[in-house]
Each structure stands twice: as C-alpha cells, then as structure tokens.
Amino acid sequence: MTPGQAATLGAVVDTIVPADDYPSGTEAGVLDYLAGQFGRDLADLRAYYGAGLDAVEAEARERHGAGFPELPPGRREELLRALESGDTRVPWPFDAAAFVETVVGHVMEGFYGDPGNGGNHDAVSWRMIGFEVGD
Amino acid sequence: MRGTGLMRVDAVVIGSGAGGGVAAAVLAEAGKHVLVLERGRDLTFEEIGRDHLRNHRLTRYPHRSGPDYEDGPRVVVDATGGEKVVRPHEPGFHGNATLVGGGTRLYGAQAWRFLPADFTMASTYGVPAGSSLADWPIGYDDLEPYYERAEWEIGVCGDHAAGSRHWRRARPYPMSPLPEGLQAAALRRGAAALGWDVLPVPLLINSVPYGGRAACTRCQHCVGFACPADAKNGSHNTVLSRALATGRARLLPEAVAERLECDPSGRVTGVRWVDRSGARHVAEAEVVICAAGAIETARLLQNSPTRREPHGLGNNHDQVGRHLQGHAYAWALGEMDEPVHDGLGPGVSLATLDFVHYNDGVIGGAMLADEFTVLPLAFWARNLPPGLPRWGARNKQYMRDNYRRVMRVGGPVQEIPNPEARTRLDPQVRDRWGIPVARLSGATHPESLRTGDFIAGRAREWLLASGARRAWAARAPLTLHAGQHQSGTCRMGDDERTSVVDRWGRVHGHDNLYVADASVHVTNGGVNPVLTVMALAFRTAERLCADW
Ligand SMILES: Cc1cc2nc3c(=O)[nH]c(=O)nc-3n(C[C@H](O)[C@H](O)[C@H](O)COP(=O)(O)OP(=O)(O)OC[C@H]3O[C@@H](n4cnc5c(N)ncnc54)[C@H](O)[C@@H]3O)c2cc1C
Ligand code: SF4
C-alpha cells in the first residue's frame, strides 16, 4: 500500500468509526487488525483495497479539490454515503457501493471483534458497549 | 493394524457427534469392540479458542473448529438452477461443527424433548401439496425412556414441574435450572401479562457439579465455542469418554470414512477410510453405524454403490438424501427501556411452548426463547434496527446505548419437508481426498414460511408485552435451512419405498447397517433437535445389542 493509500485508509476507517468520548477506529487498532488480515485472510483483497482507496481519493479531488484525508469529517462522511448510494463522479474499476460495504464490514471486525485478532485494543469497544468478559 | 491398514472390530461408528458418541458408549459397554472414525480433529479448548471471527455462530473467515478450509466444498443449486461452489465457512454450505464431539462440542446445549404432536405432523395437520409431511413410525412414548436416559447420562438441567406440563415424564431432570437473569425477568413479566406459560430452557449444562465435572461459570461464550469449565455436556466428555474407558473402543480423529464395503449378498463388511496422510485403510466389522450428520451420512451411503444398489446403499427407491430439512428461525428484536444483558452466560434462559402446535391457520409452530449472549460483532451484523445507518457516529452511539438493551426472541420453526430439498453427489467436484462432494438443492416448503411469520408475530408480541419500546422482525427467505439442525435425509419408516431406515434405525435391506444421527428424523420438531438425536441413538444401539 502506498503512503497515500494508507493515509486514505486511515481517514476512511475514522469516518466509519469516528472518535467521540471513545476512541475512533484507528485509535482502537483497526489498522493493526487490517494489516494482520492483509497478510492472511484478506491477502487476495490487497489490490482491490489499493484501487478502491485510489478511487476514493480521486472522488475527493474531483468533488472538493482536496485529498480525502484533508477533508473535514462531515465532508468525508457525505462522500462515503454518496458512494454507498452509487453516486460516483470518477471511473471506478468495480462497484463503489460494494467497496464501501466491504470496507465497513472489515472495519467493524477490527473494532468490535476480539482483541486476539489484532484490533479492539484493550477491548475498548467492548467496554464501551458493556460486553465485559470474565473467565 | 497391518501395513495395508486392515483392521477388524465388532462395530465401526462413523462420526463422534451427538448420535455417534451415544452409539459408541452403548456398544462398548455391551462388550463390543468399537472403532469410532471421526473426520475432524481432536481439538483442545485453547485450540478452538474464542475467536469472534471464526466460529460456528458468526463465521467471517475459515472455521477453527472444522470443517477445515481445504477439506473441500459443497455445490449448492439455487431455485433458478444456478450452481455455486461453496467453501465450508461460506453461507450456503450448511455445515455443522467437524471435530471430535461434532456439534455437541460447541453447541448451545438446549435440551428439548420433541412434543408428542411433533411425531404426528401429517395426521395432525394433513399433508400440504408438494410436501412429504409424514408421521413417524414411533411416537413420543417409544422415545420417552431414552429421553430420560439422555437427560441423566449426558446431563441436563431444567425445571421438572414446568416440563411435566408438556411431556409425560417419569423422572425429574438431574439438575435444577441455572439462575435466571435480566432477560428472563423481563420475559416473565411479558408472559404473565399475556397469560402465556413459560419454563426455563433445559440445557445440557451442569448447573451444579455433575458427572465428575464442574458447574457452569456463566461465561459469555457458550454457543459456538467450547466450554472453559468443561461444564457443557456433549459426546466428547460423557459418552465418548465412557466408551474409551471400557478399553474396547478406539477413537481415530482425522479419519474420513470414504465408502462402506459390502459382500455380494448385500451384507456390509466394513468401511474404507482415509487417514491424515491420504492413505486408505479398511476396517472390517460385523456392524456399521453411520452417524456423520444428515448431509455426510447421505453422502457416504451414496458414495457406496454396489451392483445391487447402483445409486448407493439403501437407495434403490431414491430416498437417500431427500427431505433434507433443518430449521428456519423466526424471530423478533425488541429495544427495552432498561438493560437486559447482564453479562452472564449462557444467555438463553426462558421459553414458551405455547406456540409449538395448534396455532390457528398454520401448520406446526415453534418454541420461543430469548437468545444466547450475543457477541458484539454479531450484534452489529444482525441486531440493529431497520433504518439505522450501518456506520458513522449514529451507529457507534446506538451500539453504545443499546447493546445491553436489545433482546432477541425467536425459535426453530417446524419445517414442512419436501422431497425436492435434497443432497446428492456432485458429478464433478471432489474433496481433498478425491471423494465426490455433496450437491445441495431445493428449499423449505412455503408453508414453513407462513408458520414462521406467525411465530415472528408472537415473538414481537412477547417483546412488546415485556416492555420493549419498539420491536422489529424480518422474514426468513425461501431456501434450505440445513445447517446446524440438518436432518431428514435417511428418514425412518416402515415402508422401504418412502424411507431409508426402519423404526430401529436399520437401513432397509441391510441387516447390519444402521444410521444413528439426525438423518433419520421424519420431521425435525418445533424445538432444537439434539436431545432427540441422542435419545434415538440410545434406542437404536440398545436394540442392536439386545439382538446381537
Ligand atoms: C454452534 C452450534 C449450536 C447448536 N446449538 C444447539 C442447541 O442448543 N440445541 C440443539 O438441540 N442443537 C444444537 N445444535 C445442533 C446439534 O449440535 C446437532 O443437532 C447435533 O450435533 C446433530 O447430531 P448428529 O449426530 O446428527 O451430527 P453431528 O453432531 O454433527 O456429528 C457428526 C460427526 O460426524 C463427523 N463426520 C462427518 N463425516 C464423516 C466421515 N465421512 N467420516 C468420519 N466422520 C465424519 C463430523 O465431523 C461430526 O463430528 C448446535 C450446533 C452448533 C454447531
Ligand atoms: S456459559 Fe457455562 S456452560 Fe456455557 S461455555 Fe460458559 S461456562 Fe461453559
């Protein structure tokens, strides 16, 4: 993944799980989760992710004249919702809505899954919702 | 075992799950030498793990508890004839856990007896067009002593007095129920308001130390995982241990039964099986008992053609693999004012049997109960209200405010079987051992969905009466539901033209070939099936030993 794609991915993750009184997706370790999965179950999707992130970046430049990570949170959310509803402004190599749905699924795995999978550091999302595991 | 891998035993049991474990214990204790072939691995608690992304409750990636990703796919044919090759962890595979203990290693352990009318569906409701609804050749009273045996020998906790309102029964449960939590308290209120009868869910779980093992510590990972306290009772820690303790039983994990061998007169002589390295062996036996689960047992019979039975053993009337069924779950979710998730497993606690039968205008029905502790990711994937954004600040806020408030109530809707829901051999696709794989086709009968809608309506009603500020449900699709509750592919009956085994589990036309798993169910009940699988296996194995 290029540095540009990595930056876009981080911004996408934090748009899907934004910070509030609790950590955002990246703060909770979603990127660590994804990095692990790209070497494993999601190895086949690395190119898909790269191309999708490039397209998200191109959408941001086309619509707002700035890169996706530079956009204010409201604009980022608006852009991803537009893609999700099929509204694209640049050529996509595949279905943009399916890309967003796929990324959302993986981000939630990293955020709400068990810490043993590399994300959800210190079970922070579990404490947030009240899923507290004893022995 | 010799170099060619030939061995001789009294009986080979294929599969170490609910039915196979029971059969192995009864035979070994009757003095027989028994070989148990189990396709899956013998996994420890640590190896199974608590992986929220790889378990039999919420599968996003290949299972840790089998079937293994590389084992081979199944082929699934949809309503329009389109076919798809499906890997073990993908939707549509219709898998069950594949490891020592089978489904019982990871199950939720709900321990329901079928209700008397579950055995007489056709005479109770008539036979809808296009269905193969039929009565069982045996009734509740035939099975009652074996239900009791399963409850005591494997270990069930439950409420005897409440249970006696639904089943004629001689003996109480060996253990009283687990303490009730917040979900049960809310549902009791709702049921009282509606005038419904409720009972604690009977569970194959130690509520107190039993069978030499500890009581449940109420962890949050009951269903889909192994038990950290060894308090969940399955084949692996009860009947299989008993069988092995006799010194006459041997359990071989990672041993795949490939084909049943027959002599020219039709007498089964043994089983050909494949070990981990791919080497073939033959185990010769007086008796063979198939307990590989409904899809794999049918596949094994079909993969064993002879001159006399070119489509597989017991299959001259094209019955093996038909009437494949399971359970479509009907459910509703309700958002409560106060938290109902109290962090104490197993979660499932209170049920009503008021709607399993005799509902106006529909065939059959279902038991309704609350849900096992829901994993956070599963909650996100399945329990959110319609209309809520799937991501973003509102989604996160909802998760935070409502994970402990949203309650799911649902139940296994009695399926109306039909002959076109079936498993066959795929003519092309083979598994890692080179054996033809199962090819699944057909769907549940549309009547099951009408019943499902009715049941979802009762679930909604119960949640609202219990204090939910809103409740929602979704329709089950018209598809196969032959996953964890798979059954029906070798149905039991007196007429060999419409069934595969007789009332004792013996394959028609084969004196020494038996089926002792959920394949024999004529219908699959309006409750979870495993106690019935165990009870039938006790009955079949006991009779086999009595005659032998
Ligand atoms: C997560 C989960 C939750 C469940 N919860 C409940 C519940 O609460 N209540 C309930 O009633 N039921 C529940 N079930 C279902 C229950 O486990 C099944 O109904 C039951 O195990 C079926 O018994 P069986 O003997 O037919 O098959 P299984 O228990 O599936 O046993 C079949 C065995 O055969 C092995 N096998 C397959 N093919 C071969 C071969 N060719 N050679 C050798 N071995 C082979 C398999 O690996 C398996 O071990 C649950 C299942 C799961 C997975
Ligand atoms: S809830 Fe109890 S029986 Fe279930 S896995 Fe946890 S400790 Fe074992």
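**Before you start.** Chains are lettered from A and ligands numbered from 1 in the order written, and residues are numbered from 1 along each chain as its sequence is written. In this predicted model, local features need pLDDT of at least 70, side-chain atom pairs count only at pLDDT 80 or more, and totals for chains, interfaces and linings use all residues, while side-chain values use heavy atoms, with hydrogens and water left out.

**Stop 1: the interface.** Show chain A and chain B together. Here 31 residues of chain B are in contact with 38 residues of chain A (contact means heavy atoms within 4.5 Å). The buried area is about 2700 Å², 59% of it from carbon and sulfur atoms; buried area is the accessible area (1.4 Å probe) that two parts lose on being put together, summed over both.

**Stop 2: a salt bridge.** The term means a side-chain nitrogen of Lys or Arg within 4 Å of a carboxyl oxygen of Asp or Glu. Between chain B and chain A the count is 5 salt bridges.

Next, colour helix H9 (376-382) and helix H10 (393-402) of chain B, the elements that give two or more residues to the side touching chain A. Helices (H or I, at least four residues) and strands (E, at least two) are DSSP runs, numbered from the N terminus. H10(B) gives the most, with 6 residues.

**Stop 3: strand E15.** Select residues 436-441 of chain B. In this strand, 6 of 6 residues are buried (under 20% relative accessible area, 1.4 Å probe, protein chains only). Strand E3 (residues 74-77) of chain B runs parallel to E15(B), joined by 3 bridges; B:Val76 has B:Leu440 as its bridge partner. Strand E14 (residues 422-430) of chain B runs antiparallel to E15(B), with 5 bridges, and B:Arg422 stands opposite B:Ser441. Two strands pair if DSSP finds at least two bridges between them.

In the hairpin of E14(B) and E15(B), 5 residues lie between the strands, and B:Gly434 takes a positive phi near 85°.

**Stop 4: an open sheet.** Show the 6 antiparallel strands of chain B in the order E5-E11-E12-E13-E10-E16. Strand E5 (199-200) and strand E16 (468-472) are the edges, each pairing on one side only. Finish at B:Ala351, whose bridge partner in E12(B) is B:Ala369.

Note on methods: Buried < 20%, exposed > 50% of the residue type's maximum accessible area, 1.4 Å probe, protein only.
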